[in-house]
Amino acid sequence: MAFWGTPDPATDAKGAGLSDGTSEVASLPTVVPGGGRLVRAEMPALLVPLGEVLRALAGLAPAGVDADDGGGGAPGPQGTVRLDRSVYAWSVAARWALEHVVAGHAVPLLRAGLDGRHLAHWHVDPGGDPRLDALAEALPAAAHALRVDTGVTLDTAITVDAEPDGARLWSAQALLEAFCDAVADLCVRASASAPDPAAEPAEPARRLRGRTEGSGVSRPPGTADASPAAWSRAWLGALAGERAEVVHERLPAVDDVERWAAAASGERVPARLCLRLGLPAGPDAPWPLDFHLQAADEPGLLLPAQRVWRSHASAIPLGSRLLDNPQETLTASLGVAARWFRPLAACLGEARPVQARLTPFDAAALFGDAGNDLRNAGIGVVVPRELEDGARVLGPRLRVGSRRGGRRADVTDTAGARHRTVTYRWEAVVGDEVLTSEEVTELAARGEPFALWRDVWVRVDTERVAELASLVGRTGRLSTAEALSVALCGRHRTEEFGDVPALAEGSVADLVSRLRTALADEEPRLAGVRAELRDYQRRGIAWLQSLTELGFGALLADDMGLGKTLQTIALLAGRPRQRPQLVVCPTSVVSNWHREAARFAPDLTVRLHHGPRRATRPEEFAPGDVHVTSYALLRLDVDLLTSVDWDLVVLDEAQQIKNHTAQTARAAFRLTSHARVALTGTPVENRLSELWSIMHFANPGLLGSHRRFKEQVAVPVERDGDQESADRLRTVTAPFMLRRMKSAVVDELPAKLESTVSCDLTAEQARLYRAAVDEAFDTDDGLGSGIQRQGNVLRLLTRLKQICNHPAQFLGEEDTDAGRLAGRSGKLERATEMLGEVVASGERALVFTQYRVMGDLLARHLSGELGLAGVPFLHGGTPTEHRDRMVRAFQEDDDAPPLLLISLKAGGFGLNLTRASHVMHYDRWWNPAVEDQATDRAHRIGQTKTVLVHKLVTADTFEERIDALLQSKRSLADSVVGSGETWLTELDDDALQALVRLADSGDTA
């Protein structure tokens, strides 16, 4: 045993009672954490003989482990030395091994050693005990961080873990098995003296030989009768003595000894029938179906039926174990198989059936329903792999694009490409080999499910081959966007054959290659940009330039705060000045775009299409100028803006068009431009249809129609978890979407620490809460059905949330003075305490609420309670000029109030408020993406402090239960839970009542 991990392992092991301190100190080849990965290391270690340490390990009390100790270990037996968890793990292994040795579960083996030597050793046979496997899964990394040095020969039973820093490591399972065998070997040898080779074997060997008598188990290999052969006596002597080497000129094969040992241990293997289809000897020969017995837990172990019938033993070795009653098992299983596959019925009359001879149609059935029926009945079915995996299956394929060297009119590199069409043609293939029309016609004429084609067997769909023959050589056309989608994912859904493979060639293949390599260009062409760009921002600009120059749209989906605006300004500044450019953003950030452009690209002319003096004629949009407008004006001036030939259109906060049927999205789709860019940190807030809408703006037609996308992608992924559809969607969108997380690209960004703050209800709140719930459910039909029910559920949730916020909000007491607000809401009291601490410490905080009424109440209350001249409240009705003054004051003015109240929807994007080190969500939107978006107003580039995020919920109410649900299923919430509380309307009345009822956890105060 090697003890390591401390500066002085010899002293520490002695202090823990694991060594007397006189053992050898050596260097242990291991791996340790370093630089974010595992690296090789040579660590000082104390090497203690197993015999000296086994008693100490077995006596180490498991209770000494401190479960809350983060992996550092626990005090040693004397309380002076802290032992790592790995030491306690090995003590568990020691007790497990000793338990099996005492129970007599040790069997002998003959192992091939180095230099041609053979070694006798004892092996622990657990007999199906699962505890060692469980220990291997829980074994701490330090307990098996042992490198396998180059040149060391491992037994084939040993496996190694993944390779950190190129080092091969012993796996936990392999090292535990080696340790337990060493314990068994040590204990058995200690129980007997080395025997005289001419005398009877010592007691352990005599007991071993006795296990083979009268039990139906064969004697050791090489023994013709009850008397051991000469080599057997040498082996038994080596098993009982101190010297493990076995020297004899006629030693048997190691595998034979292992099989005999398995038989001696009595381990049995469950078996089942396996039908194995072979290939026929010629075009007119039958298809052979061979019978085997197969290990149920190890399908690779097969026993041919010929061996079953030749053996008269009640048990036959299968691998290292025994198969009981093989003939009965084979006969009974064939009877079951014949009920599911009728061609086997003829074999039941044979005395010793070993094979069935099938027609091509019977053989083909094993690839379909018949094979599935047999497998469901517990029978193994093995068919030729080359015929099963599609490599030799005749099928259709589409070749998309022009032939290389031919006319290149299909696709151009200009903005007009997406309005063109691309030619495709049908072909028939086996694997990657294309068949001629004559060959397909010939295969169709044969009418058989298998055909010998070009000296190999291929599968043929007899029901569809004639239709395939009629399609070969036919052509059609796809839009460029659809052709790109097909080429990127390599498949296309057709009316004739459903989903078929597709191969791009010529101009389409060239364009796909350029799209896929767009991200590889890391150096942008910067023109007039005055900013210090980070590496990932430079790569983002280069990607945007590469994609838009090809005439295609881009979705820049960087995480909040990574500088999407700056990257886009650099793109705008580098565009040719032949046409005007348009930026559409929320009203709240129109002026922010104007300021940022003036700051980072002062040579760029930026004009606001905003207010009563905005342009009214297309010619007023001058070429080269960047015009910034809002989504509201995009809807209002849609006819004007869609009449302009824009060079580049940018949608900032593109989730504004997530609903493809809304007026805003329809207006955006109508815009005419040579390239389009969508910016959003949340490309999918709730449903995949949102991604379709944004991507349809950037690259119309890429994802097909919305109806087809919903049927073929959204529903299978969201409802059924269809990974194949999700992978295909990712493949198609990947070249057009750049998504980077802050944690992956910005090392210097400080931490964000989130906490849920539980608040108690006051007595007034509890009474109002119970009354609201009782009133909602106190009807014969509950909450109703259909649209009426949805409205009732949302109304109930809104009322409960207002009660949890403050009774004054629920009761409509909007003019209540600050003095009348105190003492009535547990949430308000807790928020006041926490924000008071923020103000007293000289820090700043953002407070988000989704209700304007609650924001006004908070502003009055906090001003009075905290002694502030006023607490500003930024909401959707705040004028742009006033909004800008609020933001500048909070960010730059030391005398400005340290608190800023923000409406969640109005301030969830477009703001840079990095002076705040606290963010409070007073009431919850119950959509993690939206809440994170709001939090990232403070946690973004420019932030130098740790951001503390406080999410308030009222205890024992629906708020606490929904928070627990989102915490436990965050990934589900990110992609499935709807905006706001709309997803809750899908719950039935019982589930909803369980969610909203007030728990009786005690009296509220």
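Start by selecting helix H19, residues 564-573: ten of its ten residues are buried, so the helix is largely enclosed by the rest of the structure. Buried here means under 20% relative accessible area, with exposed over 50% and partly exposed in between (1.4 Å probe, protein chains only). Show the side chains of Lys564, Thr565, Leu566, Gln567, Thr568, Ile569, Ala570, Leu571, Leu572 and Ala573, the buried residues of H19.

Before moving on, a word about what you have open. This is a predicted model, in which local features need pLDDT of at least 70 and side-chain atom pairs count only at pLDDT 80 or more, while totals for chains, interfaces and linings use all residues. Residues are numbered from 1 along each chain as its sequence is written, and side-chain values use heavy atoms, leaving out hydrogens and water.

**The whole chain**

Zoom out. The chain holds 38 helices and 36 strands; these are DSSP runs numbered from the N terminus, helices being H or I of at least four residues and strands E of at least two. Of the 1005 residues in the chain, 50% are buried. Take the contacts (heavy atoms within 4.5 Å) between residues at least 6 apart in sequence: 70% of them join residues at least 24 apart.

Now colour by pLDDT, the predictor's confidence in each residue on a scale from 0 to 100. The chain has a mean of 81, and 82% of its residues reach 70 or more. Select residues 63-79, where pLDDT is below 50; this stretch has 40 contacts in the model beyond near neighbours in sequence. Then try residues 404-418, also with pLDDT below 50. Here the model has 43 contacts beyond near neighbours in sequence. Where pLDDT is low, the predicted coordinates should not be read in detail.

**Two helix pairs**

Two packed helices are described by the angle between their axes and the distance between the axes. Axes are lines fitted to C-alpha atoms, for helices over the stretch in contact, and angles run from 0 to 180 degrees between N-to-C directions.

Select H4 (residues 131-138) with H5 (residues 172-190): their axes come within 9 Å and cross at roughly 130°. H4 and H5 are therefore oblique to each other; angles under 35 degrees count as roughly parallel, over 145 as roughly antiparallel, 65 to 115 as roughly perpendicular and the rest as oblique. From H4, Leu132, Asp133, Leu135 and Ala136 meet Ala172, Gln173, Leu176, Glu177 and Cys180 of H5. By class, this contact has six nonpolar, one polar and two charged residues (Ala, Val, Leu, Ile, Met, Phe, Trp, Tyr, Cys and Pro count as nonpolar, Asp, Glu, Lys and Arg as charged, and the others, Gly among them, as polar).

Next, pick H29 (residues 786-805) and H38 (residues 989-996), whose axes come within 12 Å and cross at roughly 5°. H29 and H38 are therefore roughly parallel to each other. Arg789, Val793, Leu796, Leu797 and Leu800 of H29 make the contact with Asp989, Leu992 and Val996 of H38. Its residues divide into six nonpolar, no polar and two charged.

**Two single residues**

Centre on Val953 in strand S36, residues 947-954. Val953 is buried, with a relative accessible area of 2%. Its C-alpha atom is separated by 6.1 Å from that of Cys759, 194 residues apart along the chain. Not counting residues up to four places away in sequence, Val953 touches partners including Thr756, Cys759, Trp926 and Asp963.

Finish at Asp884 in helix H34, residues 880-892. Asp884 is buried, at 12% relative accessible area, and leaving aside neighbours within four places in sequence, Asp884 is in contact with Ser591 and Arg595.
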